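Good morning. Please look at the structure on the screen, and I will go through a few of its features.

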Amino acid sequence: DGVSDLNSCFFRCCDAIFLNYTWKDWKLELTLELCLDRLPDVYVGIDVWARGCVGKFECHLSTEKIMDYGFSVALFAPAWCYQQCKPDFPAFLKDNNKFWNLLQPTCSPRPLTYDFNTIYVTNFNFGFGRKVYEYGFLLSLRSWFNLSNQDVPLSTSLTMKWLLPTLWMKMHLRVVLALKSLL
């Protein structure tokens, strides 16, 4: 739940520490005193299921408090949106967007740097879908969820529908220009 005199020696020997999600403010204050020189290396847990902390659609409140101390955040069970909605896929999309949009002000996404002299390939796989396709052929009508299949995620909500066509047009233009240069 926090770094203390009993475990600070272990923290000093490693590059980071993940704290449990049952922390209290006084434990974070003690951790702050003992780790002033390494605040970002302290990952304070938030259980999205709200077991022992503020979670679910109020995770952003816990995140804000943790970040006020200067610590990093470790999210436990971020699949909560899927697990509470399955098999209702439209409800999952709605809740997933709501959850991450609430957290977005406290998250600092890493920008994707793109060099137009290299090729960037993606199929915009978000790690879930309504049907299963392989090489353009329909394999299953069942919805699926597997975040290990996710491509580089976009740092925006899926509700911003203008983004995908814009990216597609830029990437399509890049492919067309590359093909023309081969002719």
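How many salt bridges does a search of the whole structure find? It finds five, where a salt bridge is a side-chain nitrogen of Lys or Arg within 4 Å of a carboxyl oxygen of Asp or Glu. Before the details, two notes. This is a predicted model, in which local features need pLDDT of at least 70 and side-chain atom pairs count only at pLDDT 80 or more, while totals for chains, interfaces and linings use all residues. Residues are numbered from 1 along each chain as its sequence is written, and side-chain values use heavy atoms, with hydrogens and water left out.

Now the overall layout. The protein has six helices and seven strands; these are DSSP runs numbered from the N terminus, helices being H or I with at least four residues and strands E with at least two. Of its 183 residues, 26% count as buried. Buried means under 20% relative accessible area, exposed means over 50%, and partly exposed lies in between, using a 1.4 Å probe and protein chains only.

Back to the salt bridges. One of them joins Asp37 and Arg12, with the closest N and O atoms 3.4 Å apart. Asp37 lies in the loop between helix H2 (25–34) and strand S2 (42–47) and Arg12 in helix H1 (residues 8–12), so this pair ties together parts 25 residues apart in sequence. Asp37 is exposed at 60% relative accessibility, and Arg12 is partly exposed at 40%.

Another salt bridge is formed by Lys65 and Asp25, at 3.2 Å from N to O. This pair also links distant parts of the chain, as Lys65 is in helix H3 (residues 59–69) and Asp25 in helix H2, 40 residues apart.

A further one pairs Arg51 with Asp47 at 2.4 Å, N to O. Is Asp47 buried or exposed? Asp47 is buried, with a relative accessible area of 0%, whereas Arg51 is partly exposed at 46%.

Last, one threonine. Thr106 sits in the loop between helix H5 (89–103) and strand S4 (128–129). Its relative accessibility is 18%, so Thr106 counts as buried. What does the side chain of Thr106 reach at 2.8 Å? That is the backbone oxygen of Leu103. Leaving aside residues up to four places away in sequence, Thr106 touches Thr63, Glu64 and Met67, a contact being heavy atoms within 4.5 Å.

Key:
Polar contact = N/O pair within 3.5 Å; in protein donor to acceptor, adjacent residues only side chain to side chain.
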